[in-house]
Structures are given as structure tokens and as C-alpha cells.
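Please look over the sequence and the structure below before reading on.

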Amino acid sequence: MDRDDQVKADPRRELPQIDTLVRILQTEHPDLEVWAIRHAAKEAIAEARKSIEAGKELFDLRKRVEEQGRDLLTPHPRRVVNATGVMVHTNLGRSPLSEAARLAVSEAAIRYTDLEIDLKSGRRGDRLGRVADLLRIASGAESAFAVNNNAAALLLLANTLAAGREVIVSRGELVEIGGSFRVPDILSRSGVILREVGTTNRTHLSDFEQAINSNTGLLLKVHPSNFMQQGYVKEVSLLDLVGLGKKSSVPVVEDLGSGLFTTENEWGLPRETNVSARLRTGVDAICLSGDKLLGGPQSGIILGKTEVVRSLKSNPLARALRLDKLSIAALDATLRDTLCKETAQGPPLWSQLSSRIEDLLKKAQELEELLTGLQIPGLTVQVQKALAPVGGGSVPGFSVESAVVRVKGGPVRAEILVKRLRRCAVPVMARIQENSVLFDVRTLLAGDQEVICQALDSVFSDR
Ligand SMILES: *Cc1c(COP(=O)(O)O)cnc(C)c1O
């Protein structure tokens with residue numbers, strides 16, 4: 001009798017069956033797909049069981065299933081509005097593609113293509129042949145190759161040129177680029193022996209010279225990408241390193257990170273971003289990301305000497321790191337745009353980098369008017385100038401003048417406001433400054449102003 005009572009009192013027994021919960025949710029939310037409800041219901045019941053066992057308060061089961069079901073039904077990645085002003089934003093997918101690249105990707109995606117066939121001879125073709133041609137033409141390199149991303153490019157270069165041997169790098173250049181990429185880690189996984197020289201702030205050519213021995217496989221220079229050193233600093237120039245490499249018969253590679261294929265000093269960017277100028281030093285190979293300053297798809301571009309590229313291609317790792325057909329299509333289109341810069345529309349990055357402050361202020365005024373028109377009580381909306389970084393670890397310390405719309409006051413705090421903006425139908429990413437939310441117009445794409453307006457309206461709609 002007593003035992004029976006206890007069994008009935010076990011709250012785990014009160015939990016609904018999965019099928020029952022699914023049926024309820026289906027009736028309440030006919031727009032949700034069954035597979036998502038079923039999965040969410042299973043997880044929610046398992047979690048509820050755990051909370052009961054831990055003596056915690058039970059959450060609202062139906063609400064949880066609905067929320068998690070909706071989450072599962074939201075595609076990923078999905079559109080967001082980049083109002084941060086950071087043009088190459090790693091967390092927001094780096095560079096958006098050009099219209100030409102979009103068309104090339106969609107054609108390659110849904111049709112059969114000549115990816116690996118030579119249509120003239122009918123024989124097997126080279127999937128990267130045309131992209132390599134375009135890369136050579138755009139950069140002046142002897143030879144070119146492309147892999148999945150720049151981390152892969154560095155891995156392949158180090159492994160091909162120096163497996164089992166020493167790679168000499170300055171201690172000032174053993175950088176980390178966004179949590180998961182550290183130069184020393186990728187080098188050790190590529191099977192080389194890392195030989196650090198110099199100090200954090202100063203490395204001399206003689207440091208490299210003294211470290212060279214019969215087991216040296218490579219001299220490596222790495223662009224610090226997302227940080228800058230100032231003050232009592234010294235780095236070895238690429239030109240000097242190349243000279244030493246020639247003298248000692250050791251290949252020299254530079255991981256440039258990000259680079260431009262166009263005329264020097266365009267958009268006022270630092271000279272070191274110019275790919276052709278780097279190659280003219282006589283370096284054996286350089287590597288860079290396709291989705292940073294180039295404005296193309298994720299890819300790792302390698303430019304250099306013919307013998308180097310030939311040995312990269314014959315490394316079995318090249319197959320494991322190879323570029324997929326959609327990225328090849330996008331890279332091909334991006335490079336074609338780059339080759340006819342004067343007439344091509346190009347990726348959004350081009351117009352973002354070259355937009356004039358007067359035009360940006362005008363764009364900001366338009367947005368200001370839209371937002372003021374919402375008539376949200378207590379909200380002040382104001383245009384002001386600001387600085388926008390390029391981002392993506394491309395050109396540290398370099399930023400351009402931009403225009404922002406500052407939104408302040410209203411019924412919610414800035415922290416809450418940005419959080420709610422992130423959860424709108426089309427999420428809006430903005431930044432906070434002194435309890436205001438700033439919308440930088442430099443990175444807004446077509447239609448984004450209206451989305452910001454709708455988002456702000458919906459955030460305050462319960463006013
Ligand atoms: C960004 C960067 C990388 C990593 O490139 P991914 O294309 O993200 O793999 C490597 N090295 C440098 C110097 C970089 O700036």
C-alpha cells in the first residue's frame with residue numbers, strides 16, 4: 001500500500017509519452033515539421049527526467065519543444081545584417097561574394113560541369129587549371145595552386161617542402177588567428193620541426209642565418225594579421241629573407257594571410273597587401289585566403305615557383321585539402337572580376353573599401369530618417385562619424401572613416417537592445433558604445449536599411 005503511493009508520487013511518471021507530446025505540439029503548431037517536433041520532444045523529456053532526478057524545478061515542456069523545434073527548422077547559415085562596419089567579419093562569414101560569383105556557384109551547383117574533363121581532347125582535365133591560369137595572370141606568379149583554405153595552404157607548403165626537417169620562424173610571428181589557428185600548431189602537425197628564432201619584439205637576419213644548418217627545410221615569414229607591434233621592434237623583411245634563402249639554398253615562403261591582386265596602394269591599403277609586389281621579391285611561394293581582401297570564396301591561394309607548385313600537386317595531402325567545385329566556380333568568377341576591375345561590379349568589399357565619407361553620411365541620414373519615422377518614445381537617433389576596421393585579420397591597425405547611426409535611450413538598455421536585434425526575423429548585428437547602439441552603414445548591403453527599421457520596430461512593438 002505504502003509502496004504503491006510512492007510509485008504514484010514519482011513525478012517522472014507524470015511526464016507525457018513522446019507520442020502524446022508530439023500530437024499536442026502538432027495540433028498547437030501545425031507549421032512545425034514532425035521530425036523536428038519529435039526530436040525536440042525526445043530531448044525535452046529526457047532533460048525533464050534529469051531535472052526531476054536532480055530535484056530541480058520542471059520547465060515548461062511544450063514551450064521548450066516548440067522553441068527547439070523552431071531552432072531545428074531554421075537553416076544555418078542564414079542571412080544577417082552586418083551593421084558592425086567590420087568589412088571582413090570572420091563570425092559573419094567574411095567577404096560576401098559578387099553577383100558574378102553567385103551566378104557561377106548556382107550554375108555549377110545544379111548542372112553537370114566540365115570540372116575535370118578537357119572538352120577538346122575528351123581526356124581527363126585539371127579541376128584547377130583555369131583558376132591557376134587566372135591567378136597567374138592576375139598576380140604575375142610563375143605558377144599557382146589553390147586548396148580549401150589558407151590554413152590548408154600553409155599545412156601543404158610546410159609538409160611538402162620541409163617534412164622531417166626544420167622550419168625557421170621568428171618568435172614575433174608565431175601568431176594565433178582566431179581561436180583555432182595557431183602557426184606553431186599547424187606547423188607541428190605538418191610534420192616539420194619548428195625552429196624559433198629572435199625574440200617577441202625583435203628578430204634580425206643574423207638570427208635566421210645562425211639557425212640554418214644541414215637539416216633546415218624552409219624559412220617562413222608569417223603576416224601577423226590581427227595585431228601590430230609598436231615601439232622597440234624589428235622584423236626581417238621578406239626581401240632580406242629571400243636573399244638569405246638564395247645564399248643558403250633554402251626555400252622561403254610567406255604566409256601573407258590576406259592580399260590584393262590589384263594595383264598598388266589602391267584604397268590606401270598598406271603596400272604589403274599587394275600580392276605582385278610580394279612575388280617580385282623572388283620568394284619561392286606565398287599563400288593567402290581567398291575570402292579576406294580578395295572578396296572571394298573560402299580558399300587558400302598559393303602563388304610561386306613552378307617547381308614548388310609541381311611538388312605541392314604531387315603530395316597526397318593535396319587531394320585531402322582540395323577545393324570543391326562550388327568554391328572553384330566562385331573563385332574563378334571573382335578573379336575574372338579582378339582582371340577587369342574598371343568595368344566589373346565585383347564583390348561588395350570593393351565598394352565598401354572605396355565608399356566616400358560624404359556618401360556614407362548620406363546613407364546614414366537615410367537610415368536616421370527611417371528610424372526617426374518609427375516614432376519610438378524616448379529614443380534619440382543621430383548620425384555621426386566613426387572608424388571602421390577592415391577586419392578578418394587583414395590589415396591590423398588600418399581603419400577607414402565611416403558613418404554610423406547612433407540609437408540611444410528608449411525603453412530598453414543598449415545591451416538588451418543588441419540582444420533582441422540578434423533574435424529578429426532577420427538578425428541585425430550592431431555594436432555598443434557608451435550605452436548607445438551604433439549601426440555602421442559601410443557594411444550594409446541592398447535592403448539592409450529596411451530590415452534594420454523593421455527589426456527596431458519589432459523590438460519596440462510591445463511599447
Ligand atoms: C587568416 C590567416 C590564416 C588562416 O586562413 P584561413 O583561410 O582562415 O584558413 C593563416 N595565416 C594568416 C597569416 C592569416 O591571416
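**Briefing on the ligand site**

An N or O atom in the side chain of Lys292 is 2.7 Å from an oxygen atom of the ligand, a polar contact being a pair of N or O atoms within 3.5 Å. The protein covers 93% of the 380 Å² of accessible area that the ligand has on its own, as computed by the Shrake-Rupley method with a 1.4 Å probe. This is a predicted model, in which local features need pLDDT of at least 70 and side-chain atom pairs count only at pLDDT 80 or more, while totals for chains, interfaces and linings use all residues. Residues are numbered from 1 along each chain as its sequence is written, and side-chain values use heavy atoms, with hydrogens and water left out.

Other contacts of the ligand
- A nitrogen atom of the ligand has a polar side-chain atom of Asp255 at 2.6 Å.
- A polar backbone atom of Ala151 lies 2.9 Å from an oxygen atom of the ligand.

The surrounding shell
- The ligand is surrounded by 13 residues, and the closest are Arg94, Ser225, Asp255, Ser289 and Lys292, where a residue counts as near if one of its heavy atoms lies within 4 Å of the molecule.

A loop residue
- Leu32 is placed in the loop between helix H2 (18-28) and helix H3 (34-53), helices being DSSP runs (H or I) of at least four residues, numbered from the N terminus.
- Leu32 counts as buried because its relative accessibility is 6%, and buried means under 20% relative accessible area (1.4 Å probe, protein chains only).
- Leu32 and Arg70 are 38 residues apart along the chain, and their C-alpha atoms are separated by 7.0 Å.

Notes:
Polar contact = N/O pair within 3.5 Å; in protein donor to acceptor, adjacent residues only side chain to side chain. Helix = DSSP H or I, 4+ residues; strand = E, 2+ residues; numbered from the N terminus. Buried < 20%, exposed > 50% of the residue type's maximum accessible area, 1.4 Å probe, protein only.
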